[in-house]
Amino acid sequence: MKVVLFCGGYGMRMRNGTSDDVPKPMAMVGPRPLIWHVMRYYAHFGHTEFILCLGYGADHIKNFFLNYEETTSNDFVLRGGKTELLSTDISDWTITFAQTGIESPIGERLRRVRHHLDGDEMFLANYADVLTDAPLDEMIERFSQRDAGASMMVVPPQSSFHCVDLGEDGLVGGITAVSDLPLWENGGYFVLRQEVFDHIPENGDLVADGCAGLAKEGRLVAHRHRGFWKPTDTVKERAALDAAYAVGDRPWAVWERDGAEANAGAPA
């Protein structure tokens with residue numbers, strides 16, 4: 001199944017200054033950028049055909065893959081001055097690089113790569129800046145059995161703030177953490193059918209137009225995920241993920257976890 005990644009926005013909250021033209025998906029977590037972690041997640045579940053919706057800072061993304069160094073994240077043997085890889089990350093990946101405009105909203109970026117989907121009934125989409133350990137295979141399987149146009153992963157509110165219940169007399173009736181409210185946020189992982197395009201106008205948005213339109217028709221479903229989910233909207237959030245990676249705390253790296261479990265169960 002093809003994976004559409006939106007990686008052309010400015011990412012203003014992630015930038016270090018006006019001279020910083022590195023797009024947010026290229027912010028580093030460990031030895032690799034965010035977009036690599038997201039793509040590696042999809043590849044783990046067998047989805048290795050990627051369509052990158054480029055825009056701001058596109059050259060950084062292109063150059064990363066054009067000059068990709070496998071030895072950064074794979075074991076290898078140096079023999080006679082030649083490198084022999086013991087494993088590989090991207091040798092089986094197919095990546096389409098599509099310029100979708102500097103100012104284009106998400107929905108318009110999706111519209112501009114529709115022809116790369118070859119009329120596929122279902123495809124995946126992602127903002128390329130959120131990491132999770134969600135069971136993607138289950139998400140796809142549940143959606144495939146539903147008569148719906150789109151599925152979006154939703155997560156509990158991430159805010160650490162509290163909501164205050166006020167009476168008209170100004171007395172506080174209660175205080176509740178936002179995370180404890182019966183609310184769900186868009187988690188940024190989508191499974192889509194072609195009909196989503198019927199609801200996205202020119203320069204439209206995937207969620208506000210596409211998903212909202214399908215919701216009005218009762219054709220949008222949600223996959224609730226209470227496990228690991230972390231956005232990287234700010235420098236602080238990216239730094240926290242980088243620090244966690246450094247000490248081996250990376251639950252989003254399902255390819256490492258599942259590999260370790262398989263080795264643990266193998267005969268000695």
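Figure 1. Phe 143 touches Met 122, Ala 148, Gly 149, Ala 150, Ser 151, Val 191, Leu 192, Arg 193 and Val 221, leaving aside residues up to four places away in sequence, where contact means heavy atoms within 4.5 Å. The residue belongs to helix H4, which spans residues 136–144; helices (H or I, at least four residues) and strands (E, at least two) are DSSP runs, numbered from the N terminus. With a relative accessible area of 1%, Phe 143 is buried, a class that stands for under 20% relative accessible area, whereas exposed stands for over 50% and partly exposed for values in between (1.4 Å probe, protein chains only). Phe 143 and His 223 are separated by 80 residues in sequence, while their C-alpha atoms are 8.7 Å apart in space. This is a predicted model, in which local features need pLDDT of at least 70 and side-chain atom pairs count only at pLDDT 80 or more, while totals for chains, interfaces and linings use all residues. Residues are numbered from 1 along each chain as its sequence is written, and side-chain values use heavy atoms, with hydrogens and water left out.

**Figure 2. Strand E14 and its pairing with strand E10.** Strand E10 (residues 150–155) pairs with E14 in the parallel sense over 5 bridges, and two strands are taken to pair if DSSP finds at least two bridges between them. Within this pairing, Ser 151 has Val 221 in E14 as its bridge partner.

Figure 3. An open sheet of mixed pairing is formed by 7 strands, in the order E7-E4-E1-E8-E13-E10-E14. Strand E7 (94–99) and strand E14 (220–224) stand at its edges with a single partner strand each, so one side of each is left without a neighbour in the sheet. On average, and with direction ignored, neighbouring strands of this sheet are turned by 25° against each other; axes are lines fitted to C-alpha atoms, for helices over the stretch in contact, and angles run from 0 to 180 degrees between N-to-C directions. Strand E1 (residues 2–7) runs parallel to E8 and is joined to it by 3 bridges, with Val 4 standing opposite Ala 125 in E8. Helix H1 (residues 34–44) lies across E1, strand E4 (49–54), E7, E8 and strand E13 (185–193), and runs at about 165° to E1.

**Figure 4. Phe 50 in strand E4.** Phe 50, whose place is in strand E4, is buried, with a relative accessible area of 1%. Not counting residues up to four places away in sequence, the residues that Phe 50 touches are Val 3, Leu 5, Met 39, Tyr 42, Ala 43, Trp 93, Thr 94, Ile 95 and Thr 96. Between Phe 50 and Lys 2 there are 48 residues of separation in sequence, and the C-alpha to C-alpha distance is 5.8 Å.

Figure 5. The structure holds 0 disulfides, a disulfide being a pair of cysteine sulfur atoms within 2.5 Å. For Cys 53, the closest cysteine sulfur is that of Cys 7, at 6.7 Å, which is too far for a bond; Cys 53 counts as buried, at 0% relative accessibility. For Cys 211, the closest cysteine sulfur is that of Cys 53, at 15 Å, again too far for a bond, and Cys 211 also counts as buried, at 2% relative accessibility.

Figure 6. Most residues other than glycine have a negative phi. Asp 118, in the loop between helix H3 (106–112) and strand E8 (122–126), has a positive phi near 55°, and this residue is exposed, with a relative accessible area of 59%. Ala 128, in the loop between E8 and strand E9 (130–132), has a positive phi near 65°, but Ala 128 counts as buried, at 0% relative accessibility.
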